[in-house]
Amino acid sequence: MDLTDIEALEARFNGELQACADDRALTALHDAYLSRKRGHIGEIMRQLPQVDPSVRGAVGQRANALKRRVEEAIEKRRAELAEAAQQAIVDLVDVTLPGIRPRRGFIHPISQTRREICRIFMQMGYSIEDGPELDTEYYNFEAANIPRDHPARDAQDSFYVTDDLLLRTHTTPVQIHAMERRKPPLRIIAPGRVFRRDATDATHTPMFFQVEGLVVGKGISFAHLRGTLQTFAHMMFGPDVKLRLRPSYFPFVEPGAEVDISCFLCKGNGCRVCKDSGWIEILGAGMVHPALFDRVGYDRKEVTGFAFGMGIDRITLLKHGIEDTRLFFENDYRFLSQFRS
Ligand code: PHE
């Protein structure tokens with residue numbers, strides 16, 4: 001071996017370097033020349049002892065110089081490739097264009113109301129109960145004391161999936177599920193979707209939201225119901241709001257009432273929202289019918305209870321003075337973004 005061998009190796013390296021188009025090829029080239037055990041330059045170093053002593057020094061120096069040059073050349077080529085890749089991206093992307101700002105999501109107004117209602121009742125010690133949206137006739141009607149001939153059971157008003165299964169028409173069946181699952185005392189609210197086959201108009205949609213409340217225990221009275229709803233109305237609509245209960249009929253309560261609040265917009269003077277009556281109906285309520293206790297195995301001589309149910313959509317409409325509930329479901333960003341909190 002002599003100097004010409006090293007020159008030949010260098011020429012070969014230069015050619016191979018030019019052929020390297022990416023990082024992986026460069027790494028392979030690096031190993032082929034510089035790997036201690038298998039590299040070409042290492043091989044020269046190993047053969048040095050057999051070289052003619054008169055040229056050994058020169059050959060050794062030349063080999064070392066080649067080693068440094070190979071190292072530098074590979075690094076230089078690596079940097080060039082990286083620069084070229086960067087430039088390719090810059091050519092592709094116009095970094096001076098304005099960015100596209102992603103729109104931040106926010107809570108739907110109906111969900112905001114639901115959360116507010118839940119928060120108020122949770123402060124009063126209620127826990128949140130969940131129930132199935134698809135339920136049996138038994139839970140939706142029978143156990144809630146709604147007899148076979150009741151108009152609400154008509155297939156015209158409910159979405160039946162099978163003869164026995166329907167989309168719940170109210171959240172009242174959650175009362176039954178909750179009582180079957182637990183022993184009294186009980187203090188729950190159950191928010192959720194309900195479904196009715198109403199024609200869609202400004203105040204009706206086939207799906208809407210209710211919150212059901214249920215309290216059962218020893219000595220629970222109508223006064224507790226009234227006090228609870230009064231507290232709720234104050235927290236929800238303001239401290240000046242008055243409550244009015246009108247006798248009404250729901251098969252699952254006795255006595256039953258419809259509950260109005262004094263109009264929080266006109267303070268009772270008459271306006272568009274209260275239709276000049278000064279009062280706004282917000283919910284149905286009453287004392288739990290003892291027949292419900294019988295069905296779930298509660299002792300009607302031991303416990304009494306009250307229940308109420310309200311429409312979340314309706315309360316949201318009222319709070320914001322909105323006239324058409326369909327707006328909530330059209331998902332027009334311009335409408336919904338007004339309720340960004
Ligand atoms: N379930 C009744 C409705 O959907 C509301 C209600 C619930 C009334 C509880 C009284 C007691 O209209």
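# Ligand shell, rings and backbone

Reader: How far is an oxygen atom of the ligand from an N or O atom in the side chain of Arg196?

Author: This is a predicted model, where local features need pLDDT of at least 70, side-chain atom pairs count only at pLDDT 80 or more, and totals for chains, interfaces and linings use all residues. Residues are numbered from 1 along each chain as its sequence is written, while side-chain values use heavy atoms, with hydrogens and water left out. The distance from the ligand oxygen to the side-chain N or O atom of Arg196 is 3.0 Å.

Reader: How far from a nitrogen atom of the ligand is a polar side-chain atom of Thr172?

Author: A polar contact is a pair of N or O atoms within 3.5 Å; within protein, one must be able to donate a hydrogen and the other to accept it, and residues adjacent in sequence count only if both atoms are side-chain atoms. His170 places a polar side-chain atom 3.1 Å from a nitrogen atom of the ligand. For Thr172, the distance from a polar side-chain atom to a ligand nitrogen is 2.9 Å.

Reader: What share of the ligand's exposed area does the protein bury?

Author: The ligand taken alone exposes 320 Å². Accessible areas are from the Shrake-Rupley method with a 1.4 Å probe, and for residues only the protein chains shown count as cover. The part of the ligand area buried by the protein is 89%.

Reader: Which element gives the most residues to the shell around the ligand?

Author: Strand S5 (207-217), strand S8 (279-288) and strand S9 (304-311) are the elements that give two or more residues to this shell. Helices (H or I, at least four residues) and strands (E, at least two) are DSSP runs, numbered from the N terminus. With three residues, the element that gives the most is S9.

Reader: How many charged residues are in the shell around the ligand?

Author: The ligand is surrounded by 13 residues, the closest being His170, Thr172, Arg196, Gln210 and Phe252; a residue is near if one of its heavy atoms lies within 4 Å. The shell has six nonpolar and five polar residues, and the number of charged ones is two.

Reader: Is Gln210 buried or exposed?

Author: Gln210 has its place in strand S5, and a polar atom of its side chain lies 2.9 Å from the backbone nitrogen of Thr171. Buried means under 20% relative accessible area, exposed over 50%, and partly exposed in between (1.4 Å probe, protein chains only). Because its relative accessible area is 11%, Gln210 is buried.

Reader: What is the angle between the planes of Phe293 and Tyr298?

Author: Rings of Phe, Tyr and Trp (its six-membered ring) pair if their centres lie within 6.5 Å; planes under 30 degrees apart count as stacked, over 60 as edge-to-face and the rest as tilted. By this rule the count comes to 12 aromatic pairs. Phe293 and Tyr298 form a stacked pair, 5.9 Å centre to centre, and the angle between their planes is 20°.

Reader: How far does the charged end of Arg103 sit from the ring centre of Tyr333?

Author: A charge sits over a ring if NZ of Lys or CZ of Arg is within 6 Å of the ring centre and within 35 degrees of the ring normal. The charged end of Arg103 sits over the ring of Tyr333, and its distance from the ring centre is 4.1 Å.

Reader: What is omega for the cis peptide bond from Glu254 to Pro255?

Author: Most residues other than glycine have a negative phi, and most peptide bonds are trans. Pro184 and Pro185 are joined by a cis peptide bond with omega of about 0°, and Pro185 lies in the loop between helix H7 (172-181) and strand S4 (186-195). Pro255 has its place in strand S7 (residues 253-262). The bond from Glu254 to Pro255 is also cis, and its omega is near -5°.

Reader: What is phi of Asn331?

Author: Asp276, in the loop between S7 and S8, has a positive phi near 65° and is exposed at 61% relative accessible area. Asn331 lies in the loop between helix H11 (327-330) and H12 and counts as exposed at 54%. Asn331 is a residue other than glycine with a positive phi, near 55°.

Definitions and conventions. Nonpolar A, V, L, I, M, F, W, Y, C, P; charged D, E, K, R; others polar.
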